[in-house]
Amino acid sequence: MNRKLIVISVLLVASMLLAACAAPTAAPVATEAPSVATEAPAATGGGKLEVFSWWTSGGEAAALEALFNQFKVYNPTAEIINATIAGGGGSNARAVLQTRLGGGDPPDTWQVHPGYELMGQYVASGYVDPITDLYKSEGWDKVMPQGLVDQMTKDGEIYGVLAGVHRGNGLFYNKAVLDGLGITVGETMSVDQFVEIADKVKASGVDPLCVGDNGVWASAQLFENTLLGVIGPEKYKGLWDGSVSFDSAEVKQAMETYGKMLDYQNADHSALSWDQAVQKLMEGKCVFTSMGDWAYGEFVKAGKKDNVDFGWVSHPGTAGSFMIVADGFVMAKNAPDYDNNILWLKAVGSKEGQEAFNPLKGSIPARTDVDRAKFGPYHNWSMDSFAKDALVPSVVHGSAAPADFQQALNDATTTFIVDKNVDAYAAALVAAAKASGFAK
Ligand code: GAL
């Protein structure tokens, strides 16, 4: 349905709201005043809603379901098309989405990271419509962190609503295995402490590091986290404005450290996905995984308990920083099911939706007004970190740099895993940053 149909859309929304009035949560009210009505809506009854994402792992799918359930409070009879393309980090999904968008076949809404990914790949190409009015009508302008909203804003118009904010620089571990070896992880971990523990674990015959990089990005993320830990948040931010070069001594030091960490990873890493690596960790076949806290979603899905079955610490050297990997949803231009998508976006941005989704997903709510008592130890720890630590953008998850650099980083990392050539790795990233246009 296109926007000319909004009058009738609003009537449809009104009937949906009537249908939903027995639901426990108050349904949102349609906000935008319609302009011209030209033809009858294509949808009948509850209509459809197509949501496109890469949330296919156990934890991801369960969390997505929680958002669907919130949408169903607003429209119980809509048919939800759950369009997922497997591949963590959107490694396969983003290409499929581009093909659909380029072919004029958009889903109603899709998962997106703020910053370059949203602005460069979707806003600049005119694939999404602003949802600025929803920020006012839903009160999101008062509860969403301004810094993140800024990364979704162009010329005063806002182009997405966030469901949650992942902390990318986590190091999760199997507590039983470490307990068995008499190893206790403290509040923070330096690179040297990691190496000391990893050597002990390796000597016991267990792989210290669990990696599942059949999508490559998981290894690029291990490097990204190590880079942040070695050079610190200020210099890390400097990489993206060109004030720090990828062949500086400290970046090369980070590459050396990353090369050392590779010696501790499981031999079958390239055959596994990120969530299979987490599974391996839970089985005690390896101990640590450096991953965004979507890994937490896998622990929850498997019934594991915070600080009992698994523990966490910031990736070595990154205590005091929060690597942001935020997930949002958009309004497609010419969304086939505009009115249902309005309800979907309202569900995504709602307090109820965020309180249901994030405990399962591992991210913290983007809203700052949630009830913290509804969240366990990990989430409260991450919320504290978000409030007080240096917030830095992830390049591996689309926010810090354009897509061509993201791809070049994946390629250079793939090569480095094999040749461990620091100079070549640095040179490749210098060239990629120049080509991408953000290096000085
Ligand atoms: C990230 C995304 C997360 C999680 C992860 C692994 O890009 O922001 O929500 O899904 O990929 O798939």
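The side chain of H397 places an N or O atom 2.7 Å from an oxygen atom of the ligand in this predicted model. The side chain of K361 also has an N or O atom 2.7 Å from a ligand oxygen. A backbone N or O atom of G89 lies 3.0 Å from an oxygen atom of the ligand. Polar contacts are pairs of N or O atoms within 3.5 Å. The protein covers 100% of the 300 Å² of accessible area that the ligand has on its own (Shrake-Rupley method, 1.4 Å probe).

The shell around the ligand holds 14 residues, each with a heavy atom within 4 Å of the ligand. E60, H113, D327, K361 and H397 come nearest. The shell divides into 5 nonpolar, 6 polar and 3 charged residues; Asp, Glu, Lys and Arg count as charged, and Gly is among the polar ones. Domain 1 (43–166 + 325–389) and domain 2 (170–323 + 392–436) both contribute shell residues, so the ligand lies between them. The domain bounds come from an automatic or database assignment.

Elsewhere, the count comes to 1 disulfide, defined as a pair of cysteine sulfur atoms within 2.5 Å. C210 and C286 form a disulfide, with their sulfur atoms 2.2 Å apart. The link of C210 and C286 is right-handed, with 115° about the S-S bond.

Residues are numbered from 1 along each chain as its sequence is written, and side-chain values use heavy atoms, without hydrogens or water. Local features need pLDDT of at least 70, side-chain atom pairs count only at pLDDT 80 or more, and totals for chains, interfaces and linings use all residues.

Definitions and conventions. Polar contact = N/O pair within 3.5 Å; in protein donor to acceptor, adjacent residues only side chain to side chain.
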